[in-house]
Amino acid sequence: MIKFVGSFESVSSLPKTQFAEYAFVGRSNVGKSSLINAVLGASVARTSNTPGRTQSLNLFNVDDKVMIVDLPGYGYAKVSRTDALRWLERLEDYLLNRRQLTRLFLLIDSRIGPRDSDLDLMDFCDANGIVYQVVYTKKDKKIREKNQTALNHENHPAMIEQVLETSAEKKTGLEPIRAVIGIK
């Protein structure tokens, strides 16, 4: 059973739990909430066509075993610079201080490839020893940018070597994520 725990404005306001947390992060409009819904097999995360709708740290309890964290997007949402900086600070606070964080799924739109903001987050995770796994989203869509930056584990020591490819719409590539999280 999946329960919405709540939306939290700060890391300090998150509930203290013993559950492992699996967080999903990516640029605004990468399909983060859609992928969470597909992985969980339920419409629990709010989806929108407008980038930047996820503005809080949203927690979902799965079978009283694990927590799924829907983190605010970065890099594209039309928000004030003040809000964007506040979101970035909260993201850094979460990544550096949340002991329950077991794996960060870093979502990248497969049609576009990694942007500077994605690479910056990867560098931040590498520098701070935060384990993350790259997940390409929207693999069912046509590639828009042919010359994409290739990602490899050798250049990013905190990155899990296996890069995953998914489509929330077609429900493909979800099993490896479910296996990591430990859900069916």
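**Starting from one residue**

Reply: Start with Ile-108. Leaving aside neighbours within four places in sequence, Ile-108 is in contact with Val-30, Gly-113, Pro-114, Asp-118, Val-134, Val-135, Tyr-136, Thr-137 and Leu-151. Contact means heavy atoms within 4.5 Å.

Me: Before we go on, what kind of model is this, and what cut-offs apply?
Reply: This is a predicted model, where local features need pLDDT of at least 70, side-chain atom pairs count only at pLDDT 80 or more, and totals for chains, interfaces and linings use all residues. Residues are numbered from 1 along each chain as its sequence is written, and side-chain values use heavy atoms, with hydrogens and water left out.

Me: Ok. Is Ile-108 buried or exposed?
Reply: Ile-108 is buried, at a relative accessible area of 0%. Buried means under 20% relative accessible area, exposed over 50%, and partly exposed in between (1.4 Å probe, protein chains only).

Me: And which strand is Ile-108 in?
Reply: Strand S5. Helices (H or I, at least four residues) and strands (E, at least two) are DSSP runs, numbered from the N terminus.

Me: Zoom out. How many helices and strands are in the protein chain?
Reply: Four helices and seven strands. From the N terminus, the order is β-β-α-β-β-α-β-α-β-β-α.

Me: How are the strands arranged?
Reply: Seven strands make an open sheet, ordered S1-S3-S4-S2-S5-S6-S7, with mixed pairing. Strands S1 (2–8) and S7 (164–165) are the edges, and each pairs on one side only. Two strands pair if DSSP finds at least two bridges between them.

Me: What does S1 pair with, and in which sense?
Reply: S1 runs antiparallel to strand S3 (residues 57–62), with six bridges joining them. Lys-3 stands opposite Asn-61 in S3.

Me: Now S4. Which strands does S4 pair with?
Reply: S2 pairs with S4 in the parallel sense, over five bridges. There, Phe-24 stands opposite Asp-70 in S4. S3 also has five bridges to S4, but in the antiparallel sense. Val-62 stands opposite Val-66 in S4.

Me: Why is S4 largely enclosed?
Reply: Five of the five residues of S4 are buried, so the rest of the structure largely encloses this strand. Val-66, Ile-68 and Asp-70 point one way, while Met-67 and Val-69 point the other way. In a regular strand the side chains alternate between the two faces of the sheet.

Me: What about the hairpin of S3 and S4?
Reply: Three residues lie between the strands, and Asp-63 takes a positive phi near 55°. Most residues other than glycine have a negative phi.

Me: Where else is there a positive phi?
Reply: Lys-138, not a glycine, has a phi of about 60°. Lys-138 is in the loop between S6 and S7, and is buried at 18% relative accessible area. Lys-171 also has a positive phi, near 60°. Lys-171 is in the loop between S7 and helix H4 (175–181), and is exposed at 54%.

Me: Which helices lie across the strands?
Reply: Among them is helix H3 (residues 116–128), which lies across S2, S5 and S6, at about 160° to S5. Helix H1 (residues 32–40) lies across several strands, including S1, S2 and S3, and runs at about 160° to S4. Axes are lines fitted to C-alpha atoms, for helices over the stretch in contact, and angles run from 0 to 180 degrees between N-to-C directions.

Me: Change of topic. How many salt bridges are there?
Reply: Eleven. A salt bridge is a side-chain nitrogen of Lys or Arg within 4 Å of a carboxyl oxygen of Asp or Glu.

Me: Where are the partners Arg-98 and Glu-21?
Reply: Arg-98 forms a salt bridge with Glu-21, with the closest N and O atoms 2.7 Å apart. Arg-98 is in the loop between helix H2 (81–97) and S5, and Glu-21 is in strand S2, so the pair ties together parts 77 residues apart in sequence. Both Arg-98 and Glu-21 are buried.

Me: What about Lys-139 and Glu-165?
Reply: Their side chains meet in a salt bridge (3.8 Å, N to O). Lys-139 is in the loop between S6 and S7 and Glu-165 in strand S7, 26 residues apart. Lys-139 is partly exposed at 36% relative accessible area, and Glu-165 is partly exposed at 48%.
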